[in-house]
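Here are some notes from my pass through the model, in the order I jotted them down. Have the structure open while you read.

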Amino acid sequence: MTSGVTPEPAILDAVELAADPELEGRFAESAHQILADLVSGGAALGWVEPPSQDEVAELLDHVVSAVQAGDAALRTAYLDRRHVGLGYWLRYVRPTHRPHADLEKIAVAGAAHGRGVDRALTSALIADAREAGIEVLTLDARGDNTNALHLYRSLGFAEYGRLPDFVAVGEHRYDKVFCMLDFRQQS
């Protein structure tokens, strides 16, 4: 008899991922599958067409290198050892912006929506940013991504700007919404 309880997602950081050869070995491929499926379904992840496996592998290599340099955090989400999500932030490159970072991607497989994975990933990345001494964590989201914007607001992000009709997807135009979480304002 099953209890009907939904399992909590396991949220791993880059070190924990690297410590599990089985998960690490499948990571790039499963991350590509998640991102490609989401983009195919119209998700607002920065691509119009699904990214190639090589493009995703190159992106992940860049993020992992930044993590190793102390300039990023990468988190991955698993439900029953099945990869269902990933997210990361990168410290700004410009010297005058180095105290700050940008939350660049949160991607959760469609089959895992509604299971708290987005919140768990985002919360872990916020904690990583705070621990890394980031002063302001920023992000941007497509204006029609109301679920994500609601999540970010519920976690303390505040909207600080909006570019109307800035994001172009074919003939469609969407606002680009800028949000920030200012750790300097928190005790």
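1. D182 sits in strand 7. Keep in mind that this is a predicted model. D182 counts as buried, since its relative accessible area is 11% and the cut-off for buried is under 20%. Its side chain makes a polar contact of 2.9 Å with the side chain of R184. Leaving out residues up to four places away in sequence, D182 touches E135 and V136.

2. On to the aromatic pairs: a search of the whole structure turns up two. One is Y152 with F157, edge-to-face, with 5.8 Å between centres and 65 degrees between the planes. Y152 is buried at 10% relative accessibility, and F157 is buried too, at 4%.

3. The other pair is Y160 with F178, which is tilted: 5.8 Å centre to centre and 40 degrees between the planes. Y160 belongs to strand 6 (residues 158–169) and F178 to strand 7 (residues 172–182), so this pair ties together parts that are 18 residues apart in sequence. What about burial here: is Y160 buried, exposed or partly exposed? Y160 is partly exposed, with a relative accessible area of 45%. F178, at 19%, counts as buried because the limit is under 20%.

4. Two charged side chains are worth a look as well. K105 has its charged end over the ring of W47, 4.6 Å from the ring centre. R142 lies over the face of Y174, and there the distance to the ring centre is 4.3 Å.

5. Now the packing. The largest nonpolar core has 30 residues, and W89, L103, V117, L137, Y152 and F157 have the most contacts inside it. Among the elements giving two or more residues to this core are strand 2 (72–79), strand 3 (82–91), strand 4 (101–108), strand 5 (136–142) and helix 5 (146–154). Strand 7 is also on that list. Which element gives the most to this core? That's helix 4, with six residues; the helix spans 117–131.

6. Not counting residues up to four places away in sequence, V117 touches P9, A77, L79, V84, V108 and A112. There is also a second, separate core of 25 residues, which includes L12, L17, F27 and A109.

Methods. Residues numbered from 1 in each chain as written. Predicted model: local features only at pLDDT ≥ 70, side-chain atom pairs only at ≥ 80, totals over all residues. Heavy atoms only, no water. Phe/Tyr/Trp six-rings, centres within 6.5 Å; stacked < 30°, edge-to-face > 60°. Buried < 20%, exposed > 50% of the residue type's maximum accessible area, 1.4 Å probe, protein only. Helix = DSSP H or I, 4+ residues; strand = E, 2+ residues; numbered from the N terminus. Lys NZ or Arg CZ within 6 Å of the ring centre and 35° of its normal. Core = buried A, V, L, I, M, F, W, Y, C linked by side-chain atoms within 4.5 Å. Contact = heavy atoms within 4.5 Å. Polar contact = N/O pair within 3.5 Å; in protein donor to acceptor, adjacent residues only side chain to side chain.
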